[in-house]
Amino acid sequence: MPSDAQLKVQNAVHRALLKISGGRLGRTIVGMPALELTTTGRKSGEPRRVMLTAPIIDDETIVIVASRGGDPTHPAWYLNLRDNPAVEVSMQSGPRRPMTARIATEEERAALWPRVVEAFKGYGDYQRKTNREIPLVLLTPNK
């Protein structure tokens with residue numbers, strides 16, 4: 001399982017790659033669009049940014065996966081948006097857009113999970129590694 005320090009380094013390297021290349025490199029990860037998610041820290045109240053992938057984009061709804069590589073604990077970003085669903089999303093080094101995060105219902109997850117695994121089979125491997133059900137999060141633009 002990746003440590004918090006490893007995840008922070010990966011995120012910093014990804015952001016640097018996007019910045020140095022002017023957004024030409026790092027726009028996708030293993031074939032999925034990359035995005036920067038900004039949440040509000042549930043303890044600190046400070047903005048927290050993380051680079052993630054979007055295995056599904058349906059119209060204006062973006063689906064992200066709280067897998068943390070199959071770790072038995074939820075990622076911090078997921079806990080943050082669970083407590084405060086007001087988030088910002090930047091795709092392809094574009095401007096940050098205010099969005100609302102919502103955890104997929106059991107029925108939504110059942111319908112979306114096969115598509116998530118089709119986009120990246122590693123998510124299925126992550127689910128088999130952990131006893132927790134890996135949540136899916138739907139991000140929708142604020143209107």
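Start by selecting R102 and E108: these two residues form a salt bridge, and their closest N and O atoms are 2.8 Å apart. Keep in mind as you look around that this is a predicted model. Side chains of opposite charge can pair when their charged atoms come close. The pair counts as a salt bridge because a side-chain nitrogen of Arg lies within 4 Å of a carboxyl oxygen of Glu.

R102 is partly exposed, with 38% relative accessibility. E108 is also partly exposed, and its relative accessible area is 24%.

Next, select D125 and K121. Here is another salt bridge, with the closest N and O atoms 3.7 Å apart. How exposed is each partner? D125 is partly exposed at 30% relative accessibility, while K121 counts as exposed at 61%.

R128 counts as exposed, with 64% relative accessibility.

Now show K121, D125 and R128 together. What links them? The three residues are joined in a network of salt bridges.

Before you close the viewer, zoom out to the whole model. How many salt bridges does a search of the whole structure find? The search finds eight, including the R102 and E108 pair where you began.

Definitions and conventions:
Residues are numbered from 1 along each chain as its sequence is written. This is a predicted model: local features need pLDDT of at least 70, side-chain atom pairs count only at pLDDT 80 or more; totals for chains, interfaces and linings use all residues. Side-chain values use heavy atoms; hydrogens and water are left out. Buried means under 20% relative accessible area, exposed over 50%, partly exposed in between (1.4 Å probe, protein chains only).
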